[in-house]
Amino acid sequence: LRVSIASELLTDPSVILLDEPTSGLDSALALELAKILKELAIKQRKTIIIVIHQPSSQVFEIFDKLMLMCDGHMVYFGKRANVADYLANLGFKCHPNYNLADYILELLNDDASKQKLIHSYANQVRDDPTGEKEIEKYSRRKHDNNNDIKQAPVLCDYGWEATFFQQVSILTERTFKQSLKDILSTTELIHTFAMVVICCLIWYRVPFTEENIHDRTGSIFFVVVFWSFEPFLGAVATLPMDLVMLTKERQSRSYRLSAYFLSKQIAELPLILIKPALFTIVVYWVTGLLPDFGRFMAYLVVILLNTLTSQGFGYFFGASLLNVQKS
């Protein structure tokens with residue numbers, strides 16, 4: 001939850017909407033979160049709207065304004081400090097030692113009191129069906145007699161809060177930490193080690209003769225095919241898995257799409273090349289290919305380039321499919 005709120009604050013929004021931010025938190029953490037949000041609203045002059053059920057009395061006291069909803073109807077909108085008097089005027093007086101928030105919930109769950117609250121508020125706002133007067137009442141804007149100021153259009157700045165370099169830097173660090181656990185996981189390393197053992201057992205010290213040329217060709221073909229499909233299949237599933245997070249963060253204009261892709265390439269490049277490099281170093285010499293360092297380096301470069309190319313095709317198909325399970 002705190003990470004989600006922090007990620008939204010990166011774009012410095014003027015209005016923050018939170019749906020049940022205290023769900024799953026104990027009373028102490030819920031109060032701490034409410035205090036942080038209140039401090040944020042005051043110091044940075046932000047409008048924070050929270051949907052909440054059963055707040056504690058301490059959390060309830062932090063709110064400035066309160067909107068009560070029941071069965072799709074508004075039954076109160078105004079200052080939180082005035083809600084007790086409003087209910088008392090309607091005949092619903094809360095006991096001083098009782099949690100006002102709990103008392104309100106009890107009223108809204110009782111059919112008789114609920115209907116009375118709905119009709120009372122409907123009659124109160126009958127002369128203001130659109131809510132324009134109510135909004136004007138609580139607006140922070142200072143009015144001026146200058147019509148040019150009143151009628152001036154509101155221009156929105158859709159620029160980026162962070163520079164391109166900052167976006168790439170932060171995303172690269174995050175992607176590296178995420179990919180490190182996936183690409184170099186224990187399972188992946190065991191899988192690569194098993195393939196090394198299999199190749200060494202099948203093509204161990206193949207004699208350098210004309211009769212064994214098919215064996216050598218077969219070993220090279222297997223290595224190329226293996227390091228074509230291995231990165232390809234891994235890359236195909238990457239973008240669809242990141243799609244939800246990417247869409248959400250892109251909608252909040254956290255970063256450019258180009259910054260995401262570039263950071264992904266930078267972060268995953270060394271991780272992607274580690275396994276084929278170790279695989280090739282062992283298999284090349286054990287299978288008895290040409291014992292020449294120059295030939296070995298050429299062989300290694302070809303395998304690594306093949307790996308990167310396959311990964312690129314995997315990204316392309318992954319971006320095209322977007323849903324691996326359905327595909």
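**Close-up views of a predicted model**

**View 1. The cavity.** The structure holds one cavity of 30 Å³ or more. This is a predicted model, and the volume of its largest cavity comes to about 40 Å³. The residues that line the largest cavity are Pro21, Thr22, Leu33, Ala34, Leu37, Ile50, Ile52, Val59 and Phe63. Helix α2 provides the largest share of this lining, with three residues.

**View 2. The largest nonpolar core.** In soluble globular proteins, nonpolar side chains tend to be buried together. The largest nonpolar core in this model has 26 residues. Phe60, Val83, Leu87, Ile104 and Leu117 have the most contacts inside this core. At least two core residues come from each of α2 (27-43), α3 (57-62), β3 (65-70), β4 (73-79), α4 (83-89), α5 (100-109) and α6 (111-124). Helix α5 gives the most, six residues. Another core lies apart from this one and has 20 residues, including Cys200, Tyr284, Phe296 and Tyr299.

**View 3. Leu87 and its contacts.** Which residues does Leu87 contact, leaving aside its neighbours within four places in sequence? They are Phe92, Ile104, Leu107 and Leu117. Two of these contacts, Ile104 and Leu117, are also listed with Leu87 among the residues with the most contacts inside the largest nonpolar core.

**View 4. The buried side of helix α5.** Leu100, Ala101, Tyr103, Ile104, Leu107 and Leu108 are buried in α5. These residues lie on the same side of α5 because they cover an arc of only 160° around the axis. An α-helix has 3.6 residues a turn, so residues three or four places apart point the same way. The elements that the buried residues of α5 pack against are α3, β3, β4, α4 and α6.

**View 5. The start of helix α5.** Here a side chain reaches towards the backbone. A side-chain oxygen of Asn99 comes to within 3.1 Å of the backbone nitrogen of Ala101 at the start of α5. Ala101 is itself one of the buried residues of this helix.

**View 6. Gln311 in helix α14.** Gln311 sits in α14, the helix that spans residues 293-321. Is Gln311 buried or exposed? Its relative accessibility is 6%, and buried means under 20%, so Gln311 counts as buried. The side chain of Gln311 makes a polar contact of 3.4 Å with the side chain of Glu268. Not counting residues up to four places away in sequence, Gln311 touches Pro231, Ala235, Gln265, Glu268 and Ile272.

Terms used: Residues are numbered from 1 along each chain as its sequence is written. This is a predicted model: local features need pLDDT of at least 70, side-chain atom pairs count only at pLDDT 80 or more; totals for chains, interfaces and linings use all residues. Side-chain values use heavy atoms; hydrogens and water are left out. A nonpolar core is a set of buried Ala, Val, Leu, Ile, Met, Phe, Trp, Tyr and Cys residues joined through side-chain atoms within 4.5 Å. Buried means under 20% relative accessible area, exposed over 50%, partly exposed in between (1.4 Å probe, protein chains only). Helices (H or I, at least four residues) and strands (E, at least two) are DSSP runs, numbered from the N terminus. Contact means heavy atoms within 4.5 Å. The arc is that of the directions from the helix axis to the C-beta atoms. A polar contact is a pair of N or O atoms within 3.5 Å; within protein, one must be able to donate a hydrogen and the other to accept it, and residues adjacent in sequence count only if both atoms are side-chain atoms. On a 1 Å grid over the protein atoms alone, a cavity is a set of points where a 1.4 Å probe fits but cannot get out, and a pocket is an open set with protein on both sides within 12 Å along at least five of seven lines; lining residues have an atom within 4 Å of a point. Grid points are joined across faces, edges and corners, and a volume is the space filled by probe spheres set on the points.
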